[in-house]
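Please look through the notes below with the sequence and the model side by side. They are numbered so that each can be taken up separately.

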Amino acid sequence: MAIVPGTFVAVTGRGPKDSNESGKTSFLSALALLLGDPEWRMTGGGSVHAPKLLFEPVTAGASPEVNEAASIGYVVGVFAEPEDPWGSAHTVWLQVSAKSPHIEVRHKEGVHLLLSGDDRSQHELAPGFFRALGGKPLGATDYAEVLYGRAPRLLAYIISRGGMRSRPSLLKLDAGTFTPVQIGEALLDLTGKAGMLATDVQARKDLARTQKNLADKLADAEKSWHEEEIILHSVETRQRARVEAGRAHLFWRLASARAALDAIVYERRIGSSLVRVEDDLAALAARHDAVQGQLTKARDIGQLRQSARSAQLRSDEHQREVEEANEKVGLLRGDLKRAQQDHRQARQQAEDYAGPSPTELAQHVSDQEARQLEVKAELLLAEGRVRALEGELAEAREGRTGQAGAALRALEGATSHRRVGLMATTRVRPEARSQWEARLAPWREAVCVASDALEDASRAVSTLPGTILICGPSSEPEAAGSGAPDGLPEGILDADPLAVPFLHALADATEVTVPPHAWLSGLGVRVIGGFEKPIAGQEDICAHLEGQRDQARAQCAALETAADLHRRRIAELRRDIKRAEAQELAQRLVPRIRDLEDTHAQCVAALPGLRTLAKEASETAHEAQTAFRTAKERADKLEGELRKLKDDRAQATRRKEKLEELRRGSSTDRARMIWTDSEEEALEELNWSCLPEDEPGAEPADGINSYAVVPRDTERPPEVRTCADLRSESRSRLTAALTRLAADTATTGVATVEIADALHHHEAHTHDPHDTIFRGSLTALKAWLDEYEERDAGAREQVEVKRREREDEQSYLHDLVEESRQALEETQESIKERVHSALDRISNQLNLLHKKEGYAADLLYSVSAPESAEGQWICHVVPRWQRNPGGSLLAYDAPTNTAQEKLFSIHLVLAALLAAPDARGRVLILDELGDSLGAEHRREVIAALRDAALEHGITVLATCQDGLMADVGPMCGQVLQFRYYSKSDPLNRPTVMYGFDANRRRVKLTLNDLVVSRS
């Protein structure tokens, strides 16, 4: 049979009783299989159901004894491009076998149909003919993609496909029973996008498995880490205690050696100090007696003190008189100089001024400044108007003002067709302004486009609500010439061809009975006219704006001149004020200068006599003071020296007594008991070459001068710290070691009885004046730590090796998790973009289909990726449509009648079908069309399918029961009638075809084959 592509094909039949049992569904199932119907689910094992299409006598009502079951069968299709059917013809043979593989497909260019012989011989020759097509046969899972591409070329709802019942489908036209999630799944199934939602399953499983492995490894590592930390802590504690104990022993030995050397130097210095003290006492006694005699003579100075005091009083009095006279002369001289200078400056500044007073001039300045402020305010307003007019003029010259300008900018890159602003390109005759400006005012933001560019322009300005697009003639020269009226309306001087039809229509629809107002009688609207400036015609608008701009510029120039005049007048007045003030000051200074000159001359004449008297009194006082100070200084010096001699004798006596006490109570014996080795060995321990020589006057308690120590081994510095410092350092080291052990006893326990005693004394701070406890604790600790030293050496290395191995493994797993997560995110983002793109296309197509009936529609959707390996993609889709023009968009499940719902469902299915990048050539199969529909809504559904087929070039095949054919017949493009008159017949009779195909070459492609196959 031949099928007319791009039409609505009604599939009906004549069975034993009615149209049922005529084989309509079997035909549609076989055709869907040939066209790669995704609902056959070939990739999921659906091929096992295909053998149910083969002839089976029991199912067909035939006798098995007479008619055996078919084990193999073929569905053959010839495809051709409408422009060149002979050159593009391509034949596809699909073999259905009861044995595996159940589906095999071969294809070849040209028409390859088996027509020789009768029916039986054709069945016998078919397998060989199939193999003779050549090439490697395509399997069930790949033939659809190889032949038709990844996007399905067929959408089908068939009650059953072989042995497989159909799932719920939007193609059943009952969208109202679906949930939003089910609608989302169904739309993706219809567009063939459902499979891509499973492309991330393996990635999610891999990520979950890797994350679990990482978590297990981290948990094991945490446990091992804690166990190892206990071991390392014990090793570290012992190691630090070992270091501190070794340092404590070293410092104790150094302290002992230094104590022995200090004792030797101490005894030597006591003896030499006693000799020096006795010599000092004898010398101090002799000097004390001599100073005492000199002091008695020097204390008689009373007469000298009185003479010096009287002479100084007289000298001070005369000096004060001279200073006062000098100060007065200086003040008078300064006042006179300043007055004379001020007088000269005032006369120079006055410049012989003889005008009004400064007060009168200040009033004139105030008046001028007030007038200047008024002029500047007017100038600012005028400059603002110039800038505004220049900006408005620039936009007017470009023809891109207001909403029309925004629309023209949006259309620049969206379409190659011409587009112009209505008001910018339309010029009104000056005498007709009152007739036309009110008419054009409501359309001042409109843009004119060619009729064949209207859809592109509408999409381009979809983000500019309120934009008015006026549809002009077609951009094609022939079409433009045929549709545009001749000439311009009366009163229009010039207009773009795109605006001429609209201007004619506007002139016809508008009356101007009361100029300048316009009356739109069809809408009951009056537009008020009387515009002061032109609103139409780019040249007229620009000329008007240029005139206003020139007037504003002239006003600015006049105001600038006035402001400059006020500024110069104010400057002149302020200079006159300064001259007037200077003239008044010069007149006041003349009498003051005369008084200052007389007083200054009198004071200068009296100065010489005062200076002579002061000089003579000063010399007398100086001589008296010098004699008194000399006598007193000698007496004071002798008294001080005598006191010092007494103190020195007392101090020397005390020092002698202390040295004798130190000799009797020396503690050097104990120091020698601690250091049992020789003096030479002590020097060697401290790296000293010898004991330093004592400095002159060195005291026993001063200690040895560390700068005088010469190292025995010059490669290392000598130990010069004091015995107390070394002993303190040794105790600090032992304390640090015992503190660490005390903190670690919870894990290591107390090793020995001696260590336990040492810890007890350490925690109790037991008094140890002779270092007995210290030495015993240090010996016990070193012995215990030496026992563990070899065992501790290898513990840390073993732990570090194990940790590095775990870190490497964890780092690898971390990287693997991150790589898996990034790969999953990229995959899911790609899936979302593809799903969004598919749903956007469906939404646009749905809106276009509904707009033909005056309603709007869209899809409100959201896509959520699964959050776990076991999760599912959620595609939540809510179709919405208007129930009446201008109404709001309501959800698909809002209460409505069943017929409206089925009509919306068919639009939704058609939108899914047309949303493909290339809808032409696609096929839609609907089984049992028209269920539960009234007569009127049946016609609407059929009309929608017919219009979609004709407009978009898709082929619709729908099974129609007898009651539906009365409505289908006048609207369909082809009728296929299957005939199976009696159950006693094993096979159908040839299918009757009614239709018309305007493509004669396509009809002739298989015409002879059709005739021969029925002869």
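1. Helix 12 (residues 433-440) packs against helix 15 (residues 500-509) at an angle of about 105°, and their axes lie 11 Å apart. Axes here are lines fitted to C-alpha atoms, for helices over the stretch in contact, and angles run from 0 to 180 degrees between N-to-C directions. Helix 12 and helix 15 are therefore roughly perpendicular to each other, a class that covers 65 to 115 degrees, with angles under 35 degrees counted as roughly parallel, over 145 as roughly antiparallel and the rest as oblique. Helices (H or I, at least four residues) and strands (E, at least two) are DSSP runs numbered from the N terminus.

2. The helix 12 side of this contact consists of Trp436, Arg439 and Leu440, which meet Leu503, Leu506 and Ala507 of helix 15. By class, the contact has 5 nonpolar residues, no polar ones and 1 charged. Nonpolar means Ala, Val, Leu, Ile, Met, Phe, Trp, Tyr, Cys and Pro; charged means Asp, Glu, Lys and Arg; the others, Gly among them, are polar. Contact means heavy atoms within 4.5 Å.

3. On the basis of the model: it is predicted, and local features need pLDDT of at least 70, side-chain atom pairs count only at pLDDT 80 or more, while totals for chains, interfaces and linings use all residues. Residues are numbered from 1 along each chain as its sequence is written, and side-chain values use heavy atoms, with hydrogens and water left out.

4. Strand 14 (residues 517-520) is joined to strand 15 by 3 antiparallel bridges, and Ala518 has Val527 in strand 15 as its bridge partner. Two strands are taken to pair if DSSP finds at least two bridges between them.

5. Strand 1 (residues 8-14) is mostly covered, with 6 of its 7 residues buried. Buried means under 20% relative accessible area, exposed over 50%, and partly exposed in between (1.4 Å probe, protein chains only). Strand 1 runs parallel to strand 20 (residues 955-959), to which 4 bridges join it; there Phe8 has Val956 as its bridge partner. Strand 1 also pairs with strand 21 (residues 974-979) in the parallel sense, over 6 bridges, and Val9 stands opposite Gln974 in strand 21.

6. Not counting residues up to four places away in sequence, Leu945 touches Phe8, Ile906, Leu910, Leu924, Leu926, Leu929 and Val956.

7. Which residues does Ala614 contact, leaving aside its neighbours within four places in sequence? They are His318, Gln319 and Val322. Ala614 belongs to helix 16 (residues 538-664) and is buried, at a relative accessible area of 4%. Its C-alpha atom is separated by 8.6 Å from that of Arg320, 294 residues apart along the chain.

8. Thr210, in helix 7 (residues 201-298), is buried with a relative accessible area of 8%. Beyond residues up to four places away in sequence, Thr210 touches Leu813, Leu816, Val817 and Ser820.

9. Some backbone geometry deserves a check. Most residues other than glycine have a negative phi, and most peptide bonds are trans. Arg41 has a positive phi of about 55° although it is not a glycine; Arg41 lies in the loop between helix 1 (24-34) and helix 2 (57-60) and is partly exposed, at 28% relative accessible area. Asn687, likewise not a glycine, has a positive phi of about 65°. Asn687 sits in the loop between helix 18 (679-686) and helix 19 (723-748) and counts as buried, at 1% relative accessibility.

10. The peptide bond from Ser100 to Pro101 is cis, with omega near 0°. Pro101 is in the loop between strand 3 (90-97) and strand 4 (103-109).
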